[in-house]
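Thanks for asking me to look this one over.

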Amino acid sequence: MVTIRDVAKHAGVSPATVSRVVNGLVGYSDETRERVETAVRSLSYETDYLARGLKTRQTSVIGLLAPMVSDALASQVMQGVEEEAQERGYAVMLGRTGAKSAYIAGYLRTLRTYRAAGVILISAVITPETRQLLGPNVPIISVAISDKSGSPSVAIDDEQAAYDATRHLLRLGHRRIGLLTGDPASIYVGQPRKRGYLRAMTEAKCTPVTATGTFFYESGAAGVDELLQQDPGLTAIFAVSDEMGAAVVNELQRRGLRVPEHVSVLGFDNTSTSLHVNPPLSTMAQPLEEMGRMAVKKLLRSRDLGPKIMPHRLIERGSTAPVSSTPPSPTPANPAPPGEQAGEPVLVS
């Protein structure tokens, strides 16, 4: 088995220098780094993470857990995490846990035993139980969610972003704007986004119209039905996730309403889903990949684990436009034609 001493001898440096290079630390020249990396490749050297952990009480492994989040959002955060971790010489252990607390607990115990360098949670709050399972020596940080308590996190200001999104629709002349919000139990994402919408509508002296979804695509069609029952003359719908926004676009079109000529639709997140609908979805963007990278940076600087608020920005595409002077009433929802599922996503070729 190739050892770190073999690599050091091949590169003409000390074992300590090899250790600094493979761990992404400082204290060597570019020429030295290239010699070490060449030696690593030539000898097919693989770092023994467990052996290193016995010596340093920490391995070069970062745990990345996705407890309950859409694949589109999670994949963009994961990309940022993996790229930053690889550049720093760390491996990523991915766990898709869904909402099953037993799965989450199992991964946390494993990462604690493995002496992970840290853990990143996607769209999940850090609870006292989480910290207890990890123990005091494993840092943890959440991404795309912030509980405003000072917990380690990288997120946007969800309330302000939703306020800015609603203000955009108001500036386009819309006054009858419906909100398709997320799970009401989501006190760290869904509720702040609803508060931002309500604040903007109240300031504009407009009547709020809201329906509850789940953040996922399947709830979009039902949300449209609930919103239009409350106000058939809506000229805009703000969905607090791109998955629901895509479903809203498709459901409106199935009802004979054109987007954005009859009803504008605005999503949230700027995931790849926003491009897989026709017209492409205008959206309030989170910098998801950058947030993943930032989480790794903060995790490895364990003294810098306070909350980090990232900037949000509006991306205008084809699903929003100034309000029409004579928006039509929606047609009754008809069953989908044979062989065609209601609410099926319309992909852009």
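1. How many helices and strands does the chain have? There are twelve helices and twelve strands, taken as DSSP runs numbered from the N terminus (helices are H or I with at least four residues, strands are E with at least two). Please keep in mind that this is a predicted model, in which local features need pLDDT of at least 70 and side-chain atom pairs count only at pLDDT 80 or more, while totals for chains, interfaces and linings use all residues. Residues are numbered from 1 along each chain as its sequence is written, and side-chain values use heavy atoms, with hydrogens and water left out.

2. On burial, 49% of the 349 residues in the chain are buried. Here buried means under 20% relative accessible area, exposed means over 50%, and partly exposed lies in between (1.4 Å probe, protein chains only). Of the contacts between residues at least 6 apart in sequence, 72% join residues at least 24 apart; a contact is a pair with heavy atoms within 4.5 Å.

3. Gly118 is the bridge partner of Ile62, and Val143 is that of Ile122. Between S3 and S4 the chain passes through helix H7 (residues 128–134), in a right-handed β-α-β crossover. Right-handed here says that, with the strands pointing away from the viewer, the path from the first strand over the helix to the second runs clockwise.

4. Helix H11 (residues 242–254) deserves a look too. Eleven of its 13 residues are buried, so H11 is largely enclosed by the rest of the structure. Its buried residues pack against H5, strand S6 (177–181), helix H10 (220–230), strand S8 (236–239), strand S9 (264–269) and strand S10 (282–285). Just after H11, Gly256 has a positive phi of about 90°.

5. What about the nonpolar core, a set of buried Ala, Val, Leu, Ile, Met, Phe, Trp, Tyr and Cys residues joined through side-chain atoms within 4.5 Å? The largest has 70 residues, and Ile62, Ile120, Ile122, Phe238 and Leu252 touch the most other members. Apart from that core lies another, of twelve residues, among them Leu108, Leu111, Ala116 and Ala124. Leaving aside neighbours within four places in sequence, Leu252 is in contact with residues including Val224, Leu228, Ile237 and Val265.

6. The count of salt bridges is 14, each being a side-chain nitrogen of Lys or Arg within 4 Å of a carboxyl oxygen of Asp or Glu. Arg293 and Glu83 form one, with the closest N and O atoms 3.2 Å apart. This pair links helix H12 (residues 288–300) to helix H5 (residues 71–87), across 210 residues. Arg293 is partly exposed at 21% relative accessible area, and Glu83 is partly exposed at 31%. Shared partners join Glu83, Glu84, Glu87, Arg88 and Arg293 into one network.

7. Buried or exposed: which describes Asp158? Asp158 is buried, at 5%, and Arg193 is buried at 3%. Their salt bridge has its closest N and O atoms 2.8 Å apart. Arg255 and Glu251 also meet in a salt bridge, at 3.0 Å, and both are buried.

8. Finally, a few backbone details to check. The peptide bond from Val259 to Pro260 is cis, with omega near 10°, and Pro260 lies in the loop between H11 and S9. Another cis bond joins Asn278 and Pro279, with omega about 5°. Lys205 has a positive phi near 60° and is exposed, at 75%. Phe215, also not a glycine, has a positive phi of about 80°, yet Phe215 is buried at 18%.

Note on methods
Two strands pair if DSSP finds at least two bridges between them.
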